[in-house]
Amino acid sequence: MLILLAAMAMPLGAGAVIELPDIVGDNMVVQQNSEARLWGWATPGSTITVGGSWAPGKTVSARTADNGRWDVALTTPGASFTPYTIKIEGDGSNIDVKNVLVGEVWFCSGQSNMEMPLRGFWTQPIEGAAQTIAYSGKYPGIRVATVPKLASYTPQDRCPSPWKESKPENAADFSALAYYFAQSLTELLNVPVGIISCAYGGSKVEGWQSREQLAQYPEWNVDKEAADSKIKEWERINVMYNAMLHPLIGYTIKGFLWNQGESNVGRHDTYPQHQRDMVTEWRSKWGLGELPFFFVELPGWEYGGPDKTEAARFRECQHEAARITPNSGIVCTSDLVYPYEVKDIHARKKKEIGERLAFMAAARTYGMQGVPATYPTFREMKVDGDKAVLSFDNAEAGFSPNQILEGFEAAGADKVFHPATAREIYKDRTIEVSCPEAGKIEAVRYNYKNFAIGKVFDLMGMPLVPFRTDNW
């Protein structure tokens, strides 16, 4: 049954009147060099004053609105591992928010592969989790706020989201992917990293959109779904936006990470536009411009059968979503599954995905030169006799392994695909494909199946993006 949330208040000390959301609390990370937005509730008409210990004597004030809400924008300094205190006073309260760090803050959302904690799910482990958890205390600058799975058809103002320090007693419950991103980013930038983990396993992209946005899609009807008791909570639209995301809108961040798509497989015709619309709406609500939005390619899984193409078509549409959405990017993950994970939708290699997202952020958001953050992608095909010659972008140094390249198929006029032989033509960095069974080649595909493991890379180990040359 759908959870209808009531307003939740953070309990305060005796005599305190100001209430704070969990996201404004001890151990928090505020975005460096920003006007960090903080808020809470107090008696209507009262004046609230806020100051950070990094700037003694400098404060900002706000008058509480009729609904009790107050908001301030607090100027923050450059990043530092020095713990600070934020003092909030007024309306009979004097609150110290302690152990605050200034650094980079990223909002991480999606479905179960983003939600999946370092401790794993039942029978589904995270590779290297024991070591990561054991050594998590080496990264005191990483802080994680995790939103529990909630749902509501009414936009909420509050949700549980307390900040936790990176240490063994906490780390097992952190989103594995988000934590590995934070770990890599703090290594690259040498700054604290705050993660807001806001994910719900099984959720559709439409679950993270407002009612107003969904009203533009004739195939979706919030009221009709709300009246249907057979629809499971995680399958519903709009409810994650209201219960989990809406309470956090406006917390000052640097960008978004997104790992979602499994529950939208089969809707590849509309998904790119819906994801773009979601990103546009989130950016508009945050009011911080075109915040970067980096997301993850759908992992391999059997879906209707490992050799079918529903998931391949969806990955294709994800790359289209990246193309049509400004300041967004997708990391390829085709190589990050094991053969035995064909029936396991929660692949265990999360560290590499987190690193690739961090590399993308380092290169594209923070301007770090030389960090590998692109993937070889198909550009065009030319047929030369009984062979097809493929050329690529982002492959200037060629491919590895420098021998027979696995994963290619070719088809002739009958549109039946057969395993093909592929080899690199070193002088011009192309790939030559031959397939006697196909006759004259009309189309080539690479890794274009529900479950196929990428085995072709550039010289930095970045995998070739799965592709097809046809539109059959």
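Predicted model: local features only at pLDDT ≥ 70, side-chain atom pairs only at ≥ 80, totals over all residues.
With a relative accessible area of 22%, aspartate 91 is partly exposed, since the partly exposed class begins where the buried one, under 20%, ends. Leaving out residues up to four places away in sequence, aspartate 91 touches Val17, Ala42, Thr43, Ser46, Thr47 and Ile48.

In soluble globular proteins, nonpolar side chains tend to be buried together. Here the largest nonpolar core has 76 residues. The residues with the most contacts inside this core are Met28, Ile86, Ile88, Phe107, Trp208, Tyr251 and Trp282. Strand 7 (residues 93–110) gives the largest share of the core, with seven residues. Apart from this core lies another, of 38 residues, and among them are Ile126, Ala178, Val193 and Val331.

Setting aside neighbours within four places in sequence, tryptophan 282 is in contact with Phe107, Ser109, Trp208, Tyr241, Leu245, Phe256, Trp258 and Phe293. Two of these partners, Phe107 and Trp208, are also named with tryptophan 282 among the residues that have the most contacts inside the core.

Now to helix 8 itself, which spans residues 271–286. Aspartate 277 is found in this helix. What does aspartate 277 touch, not counting residues up to four places away in sequence? Its partners are Gln209, Gln213 and Tyr217. Aspartate 277 has a relative accessibility of 16%, so it counts as buried.

Helix 8 also packs against helix 9 (residues 310–324): their axes come within 8 Å and cross at roughly 40°. That angle makes helix 8 oblique to helix 9, because the roughly parallel class takes in angles under 35 degrees. The crossing of the two helices is right-handed. On the helix 8 side, the contact is made by Tyr271, Pro272, Gln273, Gln275 and Arg276, and on the helix 9 side by Phe314, Cys317, Gln318, Glu320, Ala321 and Ile324. Sorted by class, the residues of this contact are six nonpolar, three polar and two charged.

Helix 4 (residues 176–189) and helix 10 (residues 351–364) have axes that come within 7 Å and cross at roughly 45°. Helix 4 is therefore oblique to helix 10. This crossing, too, is right-handed. Leu177, Tyr180, Phe181, Ser184, Leu185 and Leu188 of helix 4 meet Lys351, Ile353, Gly354, Glu355, Leu357, Ala358, Phe359, Ala361 and Ala362 of helix 10. In this contact there are eleven nonpolar, two polar and two charged residues.

While we are at helix 4, consider glutamine 183, which has its place there. Is glutamine 183 buried or exposed? Its relative accessible area is 13%, so glutamine 183 is buried. Beyond residues up to four places away in sequence, glutamine 183 touches Thr132, Tyr139 and Ile142.

Let us finish with some details of the backbone. Most residues other than glycine have a negative phi, and most peptide bonds are trans. Asparagine 33 has a positive phi of about 50° although it is not a glycine. You will find asparagine 33 in the loop between strand 1 (29–31) and strand 2 (35–41), and its relative accessibility of 57% makes it count as exposed. Threonine 123 likewise has a positive phi, near 65°. This threonine lies in the loop between helix 1 (112–115) and helix 2 (129–134). With a relative accessible area of 58%, threonine 123 is exposed. As for the peptide bonds, the one from serine 400 to proline 401 is cis, with omega near 0°. Proline 401 belongs to the loop between strand 16 (399–400) and strand 17 (408–411).

Terms used. Residues numbered from 1 in each chain as written. Heavy atoms only, no water. Axes fitted to C-alpha atoms, helices over the stretch in contact; angles between N-to-C directions. Helix = DSSP H or I, 4+ residues; strand = E, 2+ residues; numbered from the N terminus. Parallel < 35°, antiparallel > 145°, perpendicular 65-115°, else oblique. Left-handed = near helix turned anticlockwise from the far one by under 90°. Contact = heavy atoms within 4.5 Å. Nonpolar A, V, L, I, M, F, W, Y, C, P; charged D, E, K, R; others polar. Core = buried A, V, L, I, M, F, W, Y, C linked by side-chain atoms within 4.5 Å. Buried < 20%, exposed > 50% of the residue type's maximum accessible area, 1.4 Å probe, protein only.
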